[in-house]
Amino acid sequence: MPHDHHDHDHLSPSGHPYRADQDTGLSYWQTMEIAVRELLIDKGVLTADQIARQITAMDERTPANGAAVVARYWTDPEFAAALLQDGRQAVSAMGFDLGPMHLIALPNTPDVHNMVVCTLCSCYPRNLLGLPPDWYKSRAYRARTVREPRKVLAEFGVTLPTTTHVRVHDSTADMRYIVLPNRPTGTMGWDVDQLAALVTRDSMIGTGLPKSVA
Amino acid sequence: MPTQLLAEPGTKVRVRNWTPPGHVRTPAYLRGAIGTIERVLGLFPNPEDLAYRHPGQSLSLYRVRFALSDLWPDATPGDTLDAEIYAHWLESADAP
């Protein structure tokens, strides 16, 4: 009986809500972006192909970059020391260029759990983790993580005993942060590729833990 | 030109309780709070200048660690919050 479910009339056949078409015209800044981009191309500063390739390169950065860093941190003591000493230099030697940004790697321990937020905007180590998830940029995550981090963690499925200290890091200036989660138990002898597959994006933001080994 | 606090790790500092207009990178929830220098990050151009295309004054940038329970009374003891604060926003915790 298709008409029994009036509440579902606004859902598409796949069960998702319809999203309004964007018929409102461009915002000021969208118009500005198009104007500047077209001028750069007209004046021969950049080509459309160069811009498309740069966008592709930005989209291709994924949390796999950060996972490779964490797996090496777990397996290579010399690299681990270098990473804690100067994060930018250590990851640059692995081919991850952070540009002008500095990197602070935050090691979790059995007694300390780190998590990262940017209350002022949405600073994020994109070269290591790719584009930030929408929730990272939401006002709720930004406001609540500094106010009630344990409740936020619990909503992500991470419930910590009070004997584990939570360290929240508000990324307010020129540093970028990556959490170094604890190495899962049962991974003795694993190689870096096997280990990297356990490292989730959220475990490097601090809202999650690495996958555990069955 | 703002005066700059010079501090080392372990120094107790207070975040200035200013409410200036403009582009400011010291979160309001930390203003007036007392914390401890966790590490000294080096010299960085003041973003409050850069935002208006002025040359940024070179300022020491510090990571300051606060007890979460000093910010919010119901926080779990032992939990902390670290933030990056520029030198001109900090004063000695002993200052009146």
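## Contacts of Leu90(B)

In this predicted model, Leu90(B) is in contact with Leu5(B), Ala7(B), Val13(B), Val15(B), Arg16(B), Tyr62(B) and Ile85(B), when its neighbours within four places in sequence are left aside.

Leu90(B) also belongs to the largest nonpolar core, which has 60 residues. Together with Val70(A), Ala71(A), Met115(A), Ile178(A), Val179(A) and Ile85(B), Leu90(B) is among the residues that touch the most other members of this core. Helix H3 of chain A, residues 63-75, supplies the largest share, with seven residues. In soluble globular proteins, nonpolar side chains tend to be buried together.

## A sheet built from both chains

Seven strands form an open sheet with mixed pairing, in the order E2(A)-E3(A)-E4(B)-E3(B)-E2(B)-E1(B)-E5(B). Its edges are E2 of chain A and E5 of chain B, the latter covering residues 90-92, and each of these strands pairs on one side only. On average, neighbouring strands of the sheet are turned by 35 degrees against each other, direction ignored.

Strands of a sheet pair through backbone hydrogen bonds, either parallel or antiparallel. Between E3(A) and E4(B), the strands run parallel and are joined by four bridges.

Strand E2 of chain A spans residues 112-117; five of its six residues are buried, so the strand is largely enclosed by the rest of the structure. Six bridges join E2(A) to E3 of chain A, residues 165-170, and the two strands run parallel. Within this pairing, Asn114(A) stands opposite Arg167(A), while Met115(A) has Val168(A) as its bridge partner.

Helix H8 of chain A, residues 139-147, lies across E2 and E3 of chain A together with E4 of chain B. The helix runs at about 145 degrees to E2(A).

## The side of chain B that touches chain A

In the interface, 15 residues of chain B are in contact with 17 residues of chain A. On the chain B side, the elements that give two or more residues are strand E2, residues 34-45, and strand E4, residues 80-86. E4(B) gives the most, with five residues. By class, this side of chain B has eight nonpolar, three polar and four charged residues.

Methods
Residues numbered from 1 in each chain as written. Chains lettered and ligands numbered in written order. Predicted model: local features only at pLDDT ≥ 70, side-chain atom pairs only at ≥ 80, totals over all residues. Buried ≥ 20, exposed ≤ 12 C-beta atoms within 10 Å, placed from the backbone. Pairing = 2+ DSSP bridges. Contact = placed C-beta atoms within 7 Å. Nonpolar A, V, L, I, M, F, W, Y, C, P; charged D, E, K, R; others polar. Axes fitted to C-alpha atoms, helices over the stretch in contact; angles between N-to-C directions. Core = buried A, V, L, I, M, F, W, Y, C linked by C-beta atoms within 7 Å.
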